[in-house]
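These are comments for a colleague who has the sequence and the coordinates open side by side.

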Amino acid sequence: NFQFSVAGVMLSLSLICLGLTLPLLTMKGYSFIPFVLVFVVASSLLVLGICFLRLRAARRLMMKPPSYELANKILKQREMFDKLAHARGQRFAHDLPGSPPVVRTGLSASTSQHQSAMRDSVSSLAPSEATS
């Protein structure tokens, strides 16, 4: 919500600035300013669109969360992917041949905290034993 609001404000400000600088098109030395602002408006529209799509996807996930089985499968795949990436010589699995290697020193505190939070959220999706 916050990012979407900020993107909307940035689009509004860039449109206002573009409108105010349109008379500069007739001045030889300053005619580049409206052209730069056109790119700013286009970038603002792009960011606003991306924020809108992210917000819509997040709302859909909140309305219909994934099943316990699917969330557990994704968590296991992510853990396996991390183990495979670590086993490939401390490099990320998506490194292309010829690209400089990215050295990993194992799981950082934030990664392990993230995985722990994912496990907690997956376990909260588990069907409760009281209802079964």
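1. To what number does the count of aromatic pairs come? In this predicted model, the count comes to 1 aromatic pair. The partners are Phe4 and Phe52, whose ring centres lie 6.2 Å apart with the planes at 45°, so the pair is classed as tilted. Because Phe4 belongs to helix α1 and Phe52 to helix α2 (residues 32–63), the pair ties together parts of the protein that are 48 residues apart in sequence. Phe4, at 30% relative accessibility, counts as partly exposed, and Phe52, at 40%, is likewise counted as partly exposed.

2. On the overall architecture, the protein has 4 helices and 0 strands, and the pattern read along the sequence is α-α-α-α. Among contacts between residues at least 6 apart in sequence, 54% join residues that are at least 24 apart.

3. On burial and surface, 17% of the 132 residues are buried. The accessible surface of the protein comes to about 10,300 Å², and carbon and sulfur atoms account for 69% of that area.

4. For the protein, the average pLDDT is 78, and 67% of the residues score at least 70. Where pLDDT is low, the predicted coordinates should not be read in detail.

5. A nonpolar patch on the surface is formed by Phe2, Val6, Val9, Met10, Leu13, Ile16 and Leu20, which together have about 730 Å² of accessible area. One of these residues, Val6, lies in helix α1, which covers residues 2–21. Val6 has a relative accessible area of 37%, so it is placed in the partly exposed class, for which the limits are 20% and 50%.

6. Is Ser14, which has a relative accessible area of 5%, buried or exposed? Ser14 is buried, because that value falls under the 20% limit. This serine is placed in helix α1, and once residues up to four places away in sequence are set aside, Ser14 touches Val40, Val41 and Ser44.

7. Ser44, one of the residues touched by Ser14, has its place in helix α2. With 9% relative accessibility, Ser44 counts as buried. Leaving aside neighbours within four places in sequence, Ser44 is in contact with Met10, Leu11 and Ser14, and of these Met10 is also listed in the nonpolar surface patch.

8. A further distance concerns Val6 and Ser44, which are 38 residues apart along the chain and whose C-alpha atoms are separated by 9.9 Å. Val6 is found in helix α1, whereas Ser44 is in helix α2. Val6 is partly exposed, while Ser44 is buried.

Key:
Residues are numbered from 1 along each chain as its sequence is written. This is a predicted model: local features need pLDDT of at least 70, side-chain atom pairs count only at pLDDT 80 or more; totals for chains, interfaces and linings use all residues. Side-chain values use heavy atoms; hydrogens and water are left out. Helices (H or I, at least four residues) and strands (E, at least two) are DSSP runs, numbered from the N terminus. Buried means under 20% relative accessible area, exposed over 50%, partly exposed in between (1.4 Å probe, protein chains only). Contact means heavy atoms within 4.5 Å. Accessible areas come from the Shrake-Rupley method with a 1.4 Å probe; for residues, only the protein chains shown count as cover. Patches are made of residues with over 30% relative accessible area and no salt bridge: like charges are joined within 9 Å, nonpolar side chains (Val, Leu, Ile, Met, Phe, Trp, Tyr) within 5 Å. A salt bridge is a side-chain nitrogen of Lys or Arg within 4 Å of a carboxyl oxygen of Asp or Glu. Rings of Phe, Tyr and Trp (its six-membered ring) pair if their centres lie within 6.5 Å; planes under 30 degrees apart count as stacked, over 60 as edge-to-face and the rest as tilted. pLDDT is the predictor's confidence in each residue, from 0 to 100.
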